[in-house]
Amino acid sequence: MQEHEGTEPAVDDIEAVTRAVVTASRLLVAVSARSLATVEESITLPQFRMLVVLSTHGPSKLVALAEHLGVQPSTAMRMVDRLIAAGLVSRRTNPENRRETVQSLTSEGDRVVRHVTTRRRDEITGILRRLDPSQRNALVDALTAFNSAGQEPPYGAGDVDPLPLGWSDPSDETR
C-alpha cells in the first residue's frame, strides 16, 4: 500500500490504513449512489433501505421495520406511505392481529431492489477486473479480516444482498 506522495507507510501505520479505508468507503458509497440513480422513480437512500429490509426480511409490521432501520415508527410510517404511493410497497391488515398492518414489497418494489443491487454488483465487478489476480486475492484476505473485525456477516454467493450498506440488525444474535 502506498501513500499519495509515493512513500511506503510504516509497517503498522494505522493512519495510512484508515485513509485508505475511508477512500474505499467513499468509492463504495459513490457506486451505491450511482446504482440507485439508475432507478427511474425518485427513491431516496432511506427509502431504498426500507425496500431492502422488506426484500430480505419479508412482510413486516411497522414497528419491526422502524427497528430494523433505526428510525421512529412515525418516520417509518411516512416512508411506507411514500413507497405505497410509488407502487413499491403494499399494506394489508395483519391476519394475526387485525389492529396491526403488515407492509410488503410489490412486484415493482422487488424489481427495483434487484435492479439497483445488480447495477451495484456489476460496477464493483468492473472495478475489481482492473486489478490483477494477486491484488484481488490480497483484497479478499484484507476485506475478510476487516469485515470480521467489524462483525459484518459474510455475503454468500446466493445472497441477494443481506442487509446492505452496513445496516446490520442489532437484534440478530448471530452477528
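Select Asp 81 first: its relative accessibility is 36%, so it counts as partly exposed (buried means under 20% relative accessible area, exposed over 50%, and partly exposed in between, with a 1.4 Å probe and protein chains only). Arg 91 lies in strand β2 (residues 89–94) and Asp 81 in helix α4 (residues 73–85), so the pair ties together parts that are 10 residues apart in sequence.

Some terms: a salt bridge is a side-chain nitrogen of Lys or Arg within 4 Å of a carboxyl oxygen of Asp or Glu. Helices (H or I, at least four residues) and strands (E, at least two) are DSSP runs, numbered from the N terminus.

The model is predicted: local features need pLDDT of at least 70 and side-chain atom pairs count only at pLDDT 80 or more, while totals for chains, interfaces and linings use all residues. Residues are numbered from 1 along each chain as its sequence is written, and side-chain values use heavy atoms, leaving out hydrogens and water.

Next, select Glu 123 and Arg 34. They form a salt bridge whose closest N and O atoms are 2.3 Å apart. Glu 123 is in helix α5 (residues 107–129) and Arg 34 in helix α1 (residues 14–37), 89 residues apart. Glu 123 has a relative accessible area of 24%, and Arg 34 has 40%.

Finally, select Lys 61 and Glu 100, a salt bridge at 3.9 Å, N to O. This pair links strand β1 (residues 60–61) with strand β3 (residues 97–105).

How many salt bridges does a search of the whole structure find? The count is six.
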